[in-house]
Amino acid sequence: MNISYNWLKDLIDTDMTADDVAAQLTRVGLAVEGIHPHHDDYVLDIDLTSNRPDCLSHLGVAREITAITNSQLRITNDKGQSLKTEGQTLVTIQDTDLCNRFTARIIRNVKIGPSPQWLVDRLEAIGERPINNVADITNFVMHEHGQPMHSFDLDRLSGGRIIVRKATAGEKITTLDEVERELDATMLAICDVEKPVAICGVIGGLDSSITDSTVNVLLEVAYFKRENIRATSRKLGLATEASYRFERGVDIENIIAASDRATQLICELAGGEADDFVDVYSNKFVANAVTSADISESVKRLTGLSVETGECVRILNALGITASDDNKSFTFPSWRHDIAIEEDLVEEVARHAGYENITNELPPAYGAGEYQRSEPRKKRLRETLADMGFDEAITYSFIDTRHDGVFENVPELLDEQVEDKYITLQDSVIDGALRMRPSILPGLLDAVRLNLNFQRRDLKLFEIGKVFAAHAGEDNLPNEREILTIGVTGGEISEGKAVIVRELDLYDAKGALEAALDAVGVSNADFTAAEVKHLRIGQTAAVWVDGSRVGYIGRLSDEIAAGYKFKQPVYVAEVDLQAILDIATIPIAYRPLSKYPAITRDVSLLGDRNVSFSAIRDAVTEQNFELCRKVSFVDVYEGKGLQENERSITIRLEYRSDERTLIEDEVEALHKEILAHLEQKLAIKPRF
Amino acid sequence: MSEERARVEAVMTAFLNEFAPYAGLNLSGASLDDVESKLREVAELKIRHTGKKSPISGAMNLVGKVAPNERAGFGQFVQSVQKDIAAKIDRVEKTLNEIITNAKIESERLDVTLPGRRPRTGHLHPITILRQKIEDIFVSMGYAIEDDREIETDHYNFDALNIPEGHPARESQDTFYTTQGFALRSQTSTVQIRAMERRGVPIRIIAPGKVFRRDTPDMTHVPMFHQIEGLCVDKGITMAHLKGTVTEWLKRLFGEDTVTRFRPSYFPFTEPSAEFDFSCFKCHGTGKFESDRCRPCKGSGWIELGGSGMVHPNVLRAVGVDPTVYSGFAFGFGLERMTALMYSIDDIRHMFENDVRFLEQFK
Ligand SMILES: [Zn+2]
């Protein structure tokens with residue numbers, strides 16, 4: 001909001017410079033964002049907080065300055081303008097709940113014309129455009145007193161009188177901005193005997209507005225219920241200087257002063273004569289008070305500031321908050337809608353006593369701090385993935401509805417009990433992004449695409465974040481689960497080298513996921529071949545921990561990859577991190593170091609290429625030979641020299657005893673027995 | 001004896017003749033192969049002239065032929081010739097070997113400026129990095145880290161925070177709603193309420209997390225961002241503790257010379273309320289950096305960071321805490337804005353685009 005320095009000086013006696021005023025106002029919470037020269041004036045750009053509508057005027061800002069400088073306001077309006085008419089028929093208010101006070105002043109024989117230079121200067125300084133003398137005066141008084149008002153051409157009011165009522169649904173009015181607007185039954189309108197002539201507290205009608213030929217003026221100054229004005233303004237999609245002030249709250253007790261000020265100026269500058277005045281004030285203002293046993297002590301208790309009672313009372317009084325004789329009860333003025341409790345008084349005192357005078361202290365020592373229970377493990381997970389070349393992504397939690405049903409979600413996220421399984425926003429600020437994501441993949445794949453578009457083809461990305469789904473619980477609060485998603489494509493990068501070391505494949509994604517799980521204390525994850533709708537058949541695995549399925553990993557299906565225009569394979573994994581973190585980590589069980597050497601045997605087994613490594617490993621371990629300690633993977637071979645459906649898989653078996661050194665012959669016998677079992681069970685046998 | 005001596009000298013002469021090509025050997029510009037073949041020739045020469053069957057070894061037999069009184073002298077003479085021959089050959093062999101060794105070392109010289117063999121390391125998101133730093137500071141100051149739901153009821157997002165129905169902050173078009181009528185939390189203050197319900201008071205917590213506001217994305221706005229909110233409730237807590245705490249963590253993050261400034265403000269859930277600024281980390285409050293207007297603080301010397309205040313009594317009452325017995329402070333600020341200021345990032349939307357060229361700048 002713009003405030004003119006010269007205008008302020010009309011209202012208060014001060015020798016402060018514009019810079020001083022700006023600094024002082026900022027100090028007490030009226031933040032001055034800028035000072036701009038305008039002719040011989042300075043304009044202060046004040047960023048007001050929403051609780052201080054009383055400062056949306058020069059009078060209000062001047063009042064703050066009187067509290068700062070301990071000075072007095074100059075009264076700007078003359079007394080005795082008001083002439084009440086008895087038994088009036090000029091104004092009827094049908095809805096006194098929504099229109100608490102309404103005044104009308106008739107001013108006759110005005111001459112509409114341009115405003116004098118001083119008025120033009122005042123308005124132009126604060127960025128207002130002069131129109132004509134009457135319109136400028138109502139605008140001027142609004143910026144001086146903070147009270148919006150409206151002037152009608154009396155002769156254009158059908159019946160020559162005013163009725164304040166709720167509009168009937170569908171009633172229309174063309175407003176000053178030349179837009180025809182349809183009203184509904186909740187909106188309060190100022191009407192003549194036929195039709196609405198203004199929308200209360202928002203904007204006037206075009207037909208009854210002041211024109212060059214206007215002679216007689218009806219000046220309306222009123223108070224409307226704040227909530228109703230806010231609702232009307234929202235529904236019409238129309239915010240005006242008037243609605244802005246009315247919905248925050250104007251000073252109901254200052255209405256006559258404002259009306260008189262405008263009347264006086266109109267008579268003076270437009271040659272009018274003040275005539276009838278009507279004040280319909282049905283809901284009289286009742287000043288509220290709050291008690292404070294010891295205001296000085298309360299200020300100390302909440303802020304640490306020592307301010308003597310006398311100074312507290314002085315500050316409050318300068319702001320219009322009057323103290324009782326014993327300084328234990330404080331009455332709020334009609335312009336402060338934001339004060340209700342003792343803490344509000346404390347703030348008034350503290351901001352004027354100065355936040356800069358509050359000392360810096362640390363609260364007394366207390367218990368030890370703590371991270372969230374899962375944070376240390378999540379930190380290790382993040383670091384592990386980063387060490388393996390992964391960059392951490394954060395994508396929006398809302399995604400496009402076109403991703404619905406395309407991706408399989410982590411197990412048990414979607415509640416089969418509810419019909420509408422997803423969480424949907426009423427509206428969004430990003431086109432189509434109405435869905436609270438049930439999967440991080442759409443966001444992560446967008447990031448992959450963005451990077452590919454910038455010629456970064458070798459990518460390893462991960463994100464940790466929440467996904468959402470509807471939940472049929474007692475309170476229906478959505479299901480929120482924290483998950484981990486990774487995406488891998490392109491080649492393995494060596495730092496400082498222009499070309500990749502090799503192309504990445506499924507096993508890079510799997511290795512990263514295994515390392516990530518290991519980092520959070522899960523070293524026994526199982527991977528089984530699976531079919532998942534967004535992943536390619538034959539390159540997909542379900543991920544299991546402790547017998548529960550926690551997610552999946554695989555190569556993005558050709559169909560989805562084509563949709564993203566990916567020309568290279570993309571491998572992804574998504575797992576329920578929350579479920580994984582809930583699994584108790586296995587404590588370390590130390591085993592004594594063996595004194596005896598191990599004997600290892602590598603064997604290449606030829607068989608059908610669908611016989612999996614895990615099937616082979618299980619077939620060895622299920623035989624429970626105490627001396628066979630370990631089965632590990634060496635290599636696979638397919639292609640030249642083998643049938644199309646064949647492969648050769650080389651494994652290493654390790655034999656060892658804790659009691660003695662094994663002899664070759666017994667190992668050989670055992671090894672043969674194991675191989676015989678493999679051949680019998682899986683139809684695979686040594687290749688050489 | 002002179003006859004025998006002459007025969008020994010003849011052996012020497014014959015050797016010297018044969019050795020002559022190697023005596024003053026000039027190998028500059030010779031290839032490694034040349035040097036190696038020379039070495040082989042010298043090795044043959046050595047066998048012929050120093051072995052048991054060499055002429056000089058044969059000359060030892062002459063010792064018996066000279067007069068007994070001259071034998072000792074003659075023997076010494078033969079030995080000295082023998083030594084001389086061996087020494088000459090050894091010297092050449094040594095030189096050749098040195099040349100070969102040096103050539104081999106030279107041929108295996110490495111370019112130590114080539115990059116080391118190192119897999120690329122990844123990068124944590126700048127928001128994670130800053131969050132972890134701030135969490136570390138507050139944990140060391142005795143605070144517990146808390147988080148909670150991102151989709152909330154109006155009760156937690158508004159009512160309990162002293163934002164009743166009809167309040168402008170509630171009706172402003174800032175909040176996202178689900179079709180079921182739940183709010184995406186518009187500030188992490190919701191965690192204050194849930195944490196106080198869980199833990200009771202006294203309490204000291206820090207709540208980092210995602211929040212959502214209906215802002216159309218542009219250079220300085222994003223509809224989702226991260227906030228960190230602090231809360232301390234105990235007996236006897238004042239605004240002095242708020243100022244001290246905020247100043248302390250900013251000093252730990254930006255250095256001992258950091259100072260703070262608190263300005264009166266308004267938030268529904270605090271009373272009194274304050275906004276806080278800190279002295280610019282780049283220009284240290286001078287407003288100038290390398291004689292130009294400092295960018296992060298726009299030349300003011302101050303960086304506006306967040307909001308704070310004494311917890312509103314209605315908020316304490318909402319969780320069953322008696323505001324006449326307990327008081328507390330709360331403060332909050334946005335991580336994206338802070339990150340953008342710290343690194344002069346002109347477009348805040350980069351935070352959620354996940355362009356690797358952006359991410360890999362943060363360590
Ligand atoms: Zn600076």
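# Briefing: helices, sheet, cores and zinc site

Leu119(A) is found in helix α4 of chain A, which spans residues 117–125. The model is predicted. Leu119(A) counts as buried because its relative accessibility is 1%, below the 20% cut-off for that class.

- Not counting residues up to four places away in sequence, Leu119(A) touches Asp136(A), Ile137(A), Phe140(A) and Leu269(A).
- Between Leu119(A) and Gln623(A) there are 102 Å in space, C-alpha to C-alpha, and the two are 504 residues apart in sequence.
- Asp508(A) is found in helix α14 of chain A, residues 506–519.
- With a relative accessible area of 16%, Asp508(A) is buried, since the class takes in values under 20%.
- Asp508(A) is in contact with Glu492(A), Arg502(A) and Glu503(A), leaving aside its neighbours within four places in sequence.

**Strand β22 of chain A and its partners**

- One partner of β22(A) is strand β18 of chain A (residues 391–392), paired in the parallel sense over 2 bridges.
- In this pairing, Asp391(A) stands opposite Leu461(A) of β22(A).
- Another partner of β22(A) is strand β23 of chain A (residues 479–489), paired in the antiparallel sense over 11 bridges.
- Here Lys466(A) stands opposite Glu482(A), a residue of β23(A).

**Nonpolar cores**

- In soluble globular proteins, nonpolar side chains tend to be buried together.
- The largest nonpolar core has 143 residues, and those touching the most other members are Phe398(A), Leu484(A), Leu513(A), Trp249(B), Phe331(B) and Phe333(B).
- Helix α9 of chain B (residues 239–254) gives the largest share of this core, 8 residues.
- Leu513(A) touches Leu484(A), Ile486(A), Phe527(A), Val543(A), Ile553(A), Ala573(A) and Val575(A), not counting residues up to four places away in sequence.
- Another core, of 63 residues, lies apart from the largest one and includes Ile106(A), Ala167(A), Leu188(A) and Leu219(A).

- Chain B is divided into domain 1, residues 2–107, and domain 2, residues 126–359.
- The centres of domain 1 and domain 2 of chain B, taken over C-alpha atoms, are separated by 91 Å.
- Helix α11 of chain B (residues 335–343) has as its buried residues Leu335(B), Glu336(B), Met338(B), Thr339(B), Ala340(B) and Leu341(B).
- The elements covering these buried residues of α11(B) include α5 (126–140), β5 (224–234), α9, β10 and β11 (327–334) of chain B.
- Ser344(B), which follows α11(B), has a positive phi near 50°.

**Zinc site in chain B**

- The protein donors of the zinc ion are the SG atoms of Cys280(B), Cys283(B), Cys294(B) and Cys297(B), lying 2.3 Å from the ion.
- The arrangement is tetrahedral because the 4 donor atoms subtend angles of 107 to 114° around the zinc ion, and the class requires all angles to lie between 85 and 135 degrees.
- The sequence spacing of the donor residues is C-x2-C-x10-C-x2-C.
- Cys283(B), in the loop between β7 (270–279) and β8 (288–289) of chain B, and Cys297(B), in the loop between β9 (292–293) and β10 (302–311) of chain B, are 14 residues apart, and this pair links distant parts of the chain.
- Both Cys283(B) and Cys297(B) are buried.

Methods: Residues are numbered from 1 along each chain as its sequence is written. Chains are lettered from A and ligands numbered from 1 in the order in which they are written. This is a predicted model: local features need pLDDT of at least 70, side-chain atom pairs count only at pLDDT 80 or more; totals for chains, interfaces and linings use all residues. Side-chain values use heavy atoms; hydrogens and water are left out. Donors are N, O and S atoms within 2.8 Å of the metal (3.2 Å for Na, K and Ca); water is not among the atoms, so sites may look incomplete. Four donors count as tetrahedral if all angles lie between 85 and 135 degrees; four count as square planar and six as octahedral if opposite donors are over 155 degrees apart and all others between 65 and 115; anything else is irregular. Helices (H or I, at least four residues) and strands (E, at least two) are DSSP runs, numbered from the N terminus. Buried means under 20% relative accessible area, exposed over 50%, partly exposed in between (1.4 Å probe, protein chains only). Two strands pair if DSSP finds at least two bridges between them. A nonpolar core is a set of buried Ala, Val, Leu, Ile, Met, Phe, Trp, Tyr and Cys residues joined through side-chain atoms within 4.5 Å. Contact means heavy atoms within 4.5 Å. Domain bounds come from an automatic or database domain assignment.
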